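Dear colleague,

I am passing on the structure that we spoke about, and I would be glad if you could look through it with the notes below at hand.

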Amino acid sequence: MSHKLTTLAVLGGLVCLASTVAEARDRLLIVGSSTVYPFATAVAEKVGEVGMKYPIVESTGTGGGFDLFCRGTGAATPDITNASRRMKPEEFETCKANGVTPVEVEIGYDGIVLANSRSGQKISLTLEQIFQALAEKLPGQDVLVNNPHVTWSDIDPLLPAEKIKVLGPPPTSGTRDAFEELVMEEGCEMTGGLDDEQCTRIRHDGSFVEAGENDELIVGALQASPVTVGIFGYSFLKGNLDKIQSVSVNGVEPTFEKIASGQYPVSRPLFFYIKKEHVGVIPGIEDYVAAFTDETAWGDDGYLADKGLIPLAPEARKTQAAAALSLSALQL
């Protein structure tokens, strides 16, 4: 009897401790994708203006966000993580193992753009040319060789005779994942002669530079070097058109309309994930989700579209909003 009472007391103490820890934070903590970051901060500002404590929004990258989100529950862990790709099965399993139930909300679409300074030459590239510029290995005579291309004109004489230098996202970024899938794999297939694993290996001889998760820093670096090309989400292009210009891909410019219609070849869905265990414990989650999924925010004429979010179709928005507000657990 004494042992049982002791065990119950310990369990009761742990429950109280968990509750106290969870209640120690009085505002939302949101992490994840640098691409979704401007949309999340816009919604955070809106809910803050109407009386809710301003959420903390941090740009950690999609992979970094999932790592933090899936570590467990309690005030030391995020309530929401933003993502520029869908949660992977292994990330989902980590969440489940740590007592986290993710609720997935698809919020719209984004284009992955290449851009350079407005003071530089206007460039047009194909998926195959981008792959030829950035691949670690390329087919040689019966063997794979280290990428020999030093300048863009080495790939095609019609391209600038300028040294290839591309600033892009690190492996923890959802933008990097999507770029490898939508650009490197497609360009690799057109080139031929490499297996799937080799297709996504990006060169590390200085022609490609991992620029971290802060896309604003990439924009600044492009201004300083007109021949350098940067890779980031469409929203950062839209917000900096006075400083940078897009690189067309397969002859298509990354405009709002062409990304929405599917004409632009490098586009992907965007998401955020709610930690179900924190709903009703950390204040403000339901209000934030309701604000994000309101038509005035993510609708065709919403303020997030003004910031570069490509909206879902109306029926898809209704479905996603219903799933979000009912907290339907993710199933993979």
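What follows is an account of the aromatic pairs, the strands and helix around them, the disulfides and the nonpolar cores.

Please keep in mind that this is a predicted model, in which local features need pLDDT of at least 70 and side-chain atom pairs count only at pLDDT 80 or more, while totals for chains, interfaces and linings use all residues. Residues are numbered from 1 along each chain as its sequence is written, and side-chain values use heavy atoms, with hydrogens and water left out.

I begin with the aromatic rings. Rings of Phe, Tyr and Trp (for Trp, the six-membered ring) are taken as a pair if their centres lie within 6.5 Å, and the planes count as stacked when under 30 degrees apart, as edge-to-face when over 60 and as tilted for the rest. By this rule the count comes to five aromatic pairs.

Lysine 275 lies over the face of phenylalanine 69, at 4.9 Å from the ring centre, and the charged end of lysine 46 is placed over the ring of tyrosine 303, 4.9 Å from its centre.

Helix 3 is mostly covered, with six of its eight residues buried, including Gly65, Phe66 and Phe69. The buried residues of helix 3 pack against strand 1, strand 3, helix 4 (89–97), strand 4 (102–117), helix 7 (174–191) and strand 12, where contact means heavy atoms within 4.5 Å.

Strand 3 (residues 80–83) has Ile80 and Asn82 pointing one way and Thr81 and Ala83 the other way, and all are buried. Strands are said to pair if DSSP finds at least two bridges between them. Strand 3 pairs with strand 1 (residues 29–32) in the parallel sense over three bridges, and four bridges join strand 3 to strand 12, which run antiparallel. Isoleucine 80 has isoleucine 274 as its bridge partner in strand 12.

For the cysteines, a disulfide is a pair of sulfur atoms within 2.5 Å, and a search of the whole structure finds two disulfides. Cysteine 70 and cysteine 95 form a disulfide with their sulfur atoms 2.0 Å apart, and it is left-handed because the torsion about the S-S bond is about -70 degrees. This pair links cysteine 70, in the loop between helix 3 and strand 3, with cysteine 95 in helix 4, 25 residues apart, and both cysteines are buried. Cysteine 188 and cysteine 199 form a disulfide, also with sulfur atoms 2.0 Å apart; its torsion is about -60 degrees, so this disulfide is left-handed. Cysteine 188 is buried, and so is cysteine 199.

Lastly, a nonpolar core is a set of buried Ala, Val, Leu, Ile, Met, Phe, Trp, Tyr and Cys residues joined through side-chain atoms within 4.5 Å. The largest nonpolar core has 45 residues, of which Leu134, Phe179 and Phe232 touch the most other members. Helix 7 gives the largest share of this core, six residues. A second, separate core of 34 residues includes Val57, Val103, Ile107 and Trp298.

With best wishes

Notes
A charge sits over a ring if NZ of Lys or CZ of Arg is within 6 Å of the ring centre and within 35 degrees of the ring normal. Buried means under 20% relative accessible area, exposed over 50%, partly exposed in between (1.4 Å probe, protein chains only). Helices (H or I, at least four residues) and strands (E, at least two) are DSSP runs, numbered from the N terminus.
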